[in-house]
Amino acid sequence: MNLFEKLETLLIINTMNTFSYILFLFVLSGLYGTVFAQTPIIFDTDMGPDYDDIGALAVLHALEANGECEILATVASDRHPSIAPTIEAINTYFGRDEIPVGTAPDNAPDFTAGNDWNKKLIERFQPGLAGKIYPDAVEIYRKILAKQKNRSVTIITVGFTSNLAALLASGPDDISPLSGKDLISKKVKKWVAMAGAFPEGKEFNVFKDDKASWKVFREWPTPILFSGFEIGFKVRTGGKVARMQESINSPVQWGYDYNLKTYTKEGEDNRPSWDQTAVLCAVRNPERYFYVNGPGKFVINEDGTNSWDPDTDAGHYFLVHKYPYQRIADTLEELMMYVPNK
Ligand SMILES: [Ca+2]
């Protein structure tokens, strides 16, 4: 029962006549919409080779079910043909198969894991999606952004920057008279990126498509919050998810169970939560869980390495650990274990 339902229950008072009750509910629903506005989200994921993206998408669906966000679109930043269907299979499990799914531009990374988990997940849960052709992510970004309120949308990337570079480079078209950059400036509130290492380093999501990152991090027109390598690396989750009953028939449970056993040679009990930390801090106030450092400037180099310039305000921020790692792990894993009503 959410807050609105609780309030509603409290208000079913016998003495209230029908008209005043309806009027009261009407006012209350308006207040609810204003005070508890859901964050509109576009989720941009490589969904492979690594599998923390499964956990991140599960967290996002749990937060949506809890009334905290609205998932507008889910797009792939990896072109491999098994990536976009994996995203759709997970959305379908959560009862949200109508969420638009898009795929990355031609020059984006195109690969998946050695243990073939994407293909196996599709075969097991949504075999009909194998080989499905998806629209370009940039087209989906432009269509969705054009329809949203000004400065309302939060973009979450937990993979490469390929789609955002292509969106930035896009020109006016039938969808919108605005350039990609103008559309972003007008409609996007912030971008939360699992990217980079702080105060300096070389991180996978940044260097894997270094050309795209070189463009995006120097030209992006809205604030960016970074959840760097060192954040999710210390937060270990997945074991409890893997041990959930198989009878719930969940691609999240299966994905963690299979991958914890086979993704690395040694097998693992738990694993880093890089992508889930970004989702959590995009939807909820990040200061509930971490310190937020900034503003400053994320300095990107052409070889995909990065550093941090604290003396320039480019509207960039990064997370810093604040609590014992297990406290964040518990919050995330509870969300990852959300099971939708069938
Ligand atoms: Ca990822």
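## Helix contacts and a loop glutamine

Visitor: Why is glutamine 148 called partly exposed in this predicted model?

Guide: Glutamine 148 has 17 C-beta neighbours inside 10 Å. Buried would take 20 or more, and exposed 12 or fewer, so glutamine 148 counts as partly exposed.

Visitor: Good to know! Where does glutamine 148 lie, and what does it touch?

Guide: Glutamine 148 sits in the loop between helix 6 (137-147) and strand 4 (153-157). Leaving aside residues up to four places away in sequence, glutamine 148 touches Pro40, Val153 and Lys187.

Visitor: Lys187 belongs to helix 8 (residues 180-187). How do you know that the buried residues of helix 8 line one face?

Guide: Those buried residues are Gly180, Leu183, Ile184 and Lys187. Looking down the axis of helix 8, they fall within an arc of 100°, so they line one face of the helix. Among the elements covering them are helix 6, strand 4, helix 7 and strand 5 (188-193).

Visitor: What makes helix 7 and helix 10 oblique to each other?

Guide: The axes of helix 7 (residues 162-169) and helix 10 (residues 210-219) cross at roughly 60° and come within 8 Å. Roughly parallel needs an angle under 35 degrees, and roughly perpendicular starts at 65, so the two helices are oblique. Their crossing is left-handed.

Visitor: Which residues meet there?

Guide: Ser162, Leu164, Ala165 and Leu168 in helix 7 meet Ala212, Lys215, Val216 and Glu219 in helix 10. The contact comprises five nonpolar, one polar and two charged residues.

Notes:
Residues numbered from 1 in each chain as written. Predicted model: local features only at pLDDT ≥ 70, side-chain atom pairs only at ≥ 80, totals over all residues. Axes fitted to C-alpha atoms, helices over the stretch in contact; angles between N-to-C directions. Helix = DSSP H or I, 4+ residues; strand = E, 2+ residues; numbered from the N terminus. Parallel < 35°, antiparallel > 145°, perpendicular 65-115°, else oblique. Left-handed = near helix turned anticlockwise from the far one by under 90°. Contact = placed C-beta atoms within 7 Å. Nonpolar A, V, L, I, M, F, W, Y, C, P; charged D, E, K, R; others polar. Arc of directions from axis to C-beta.
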